[in-house]
Amino acid sequence: MRRLASVDMGSSASPEEREETEGHPTAGRPRLWHVTLSVSGPAAPLPEIRRGLEQLAHDHPFLLTSRYATDHAEIRYWEEARDLHDAAAVALRLWGEHRSTAQLPPWEIVGLEVIGRETYHQRIAEGYGPPPATPVGVHPF
């Protein structure tokens with residue numbers, strides 16, 4: 001029978017969660033996740049979309065780049081989170097939580113990719129995946 005090591009993951013961690021993190025050097029510590037969030041909906045004026053995305057970038061300081069068109073946008077940024085589930089949960093709330101304060105269009109999330117920092121850099125080194133977010137900022141497609 002395998003014995004579980006004591007891992008401080010808070011009182012809500014199940015035995016399965018404790019077992020999964022046993023022996024992992026980053027267990028329970030925040031890591032960086034590269035997030036690509038895609039949104040789409042009815043056409044909106046480009047100046048309004050740009051202004052909204054610029055406000056979102058101001059409100060969410062880790063935003064790297066946003067690309068937009070009249071009916072869709074892509075937002076790329078780094079998120080610090082304990083695990084992929086936490087990073088994805090934050091990403092899925094980002095658009096809705098900032099919709100009114102940044103006056104973003106009433107679009108829905110149509111795509112989400114969350115990958116670890118190592119995977120992101122491996123993809124770039126191998127020549128596939130999204131190019132590094134340069135230039136940083138808000139740009140049309």
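**Strand β2 and its partners**

User: How many residues does the hairpin use to join β2 to β3?

Analyst: This is a predicted model. In it, β2 is linked to β3 by a hairpin. The two strands, with β3 covering residues 72–81, run antiparallel and are joined by five bridges.

User: Which residue of β3 does Leu63 stand opposite?

Analyst: β2 and β3 are antiparallel partners. Across this pairing, the residue facing Leu63 is Tyr77.

User: Which residue in β5 stands opposite Tyr68?

Analyst: β2 also pairs with β5, residues 137–140, over four bridges in the parallel sense. Within β5, the residue opposite Tyr68 is Pro140.

User: Why is β2 largely enclosed by the rest of the structure?

Analyst: Strand β2 spans residues 63–68, six in number. Buried here means under 20% relative accessible area. The strand is largely enclosed because the number of its six residues that are buried is five.

**Trp78**

User: Is Trp78 buried or exposed?

Analyst: Trp78 lies in strand β3. Its relative accessible area is 16%, and the cut-off to apply is under 20%. Trp78 is therefore buried.

User: How far apart in space are Trp78 and Arg117, C-alpha to C-alpha?

Analyst: Setting aside neighbours within four places in sequence, the contacts of Trp78 include Leu64, Tyr120, His121 and Arg117. Trp78 and Arg117 are 39 residues apart in sequence. Their C-alpha to C-alpha distance is 8.8 Å.

How values were computed:
Residues are numbered from 1 along each chain as its sequence is written. This is a predicted model: local features need pLDDT of at least 70, side-chain atom pairs count only at pLDDT 80 or more; totals for chains, interfaces and linings use all residues. Side-chain values use heavy atoms; hydrogens and water are left out. Buried means under 20% relative accessible area, exposed over 50%, partly exposed in between (1.4 Å probe, protein chains only). Two strands pair if DSSP finds at least two bridges between them. Contact means heavy atoms within 4.5 Å.
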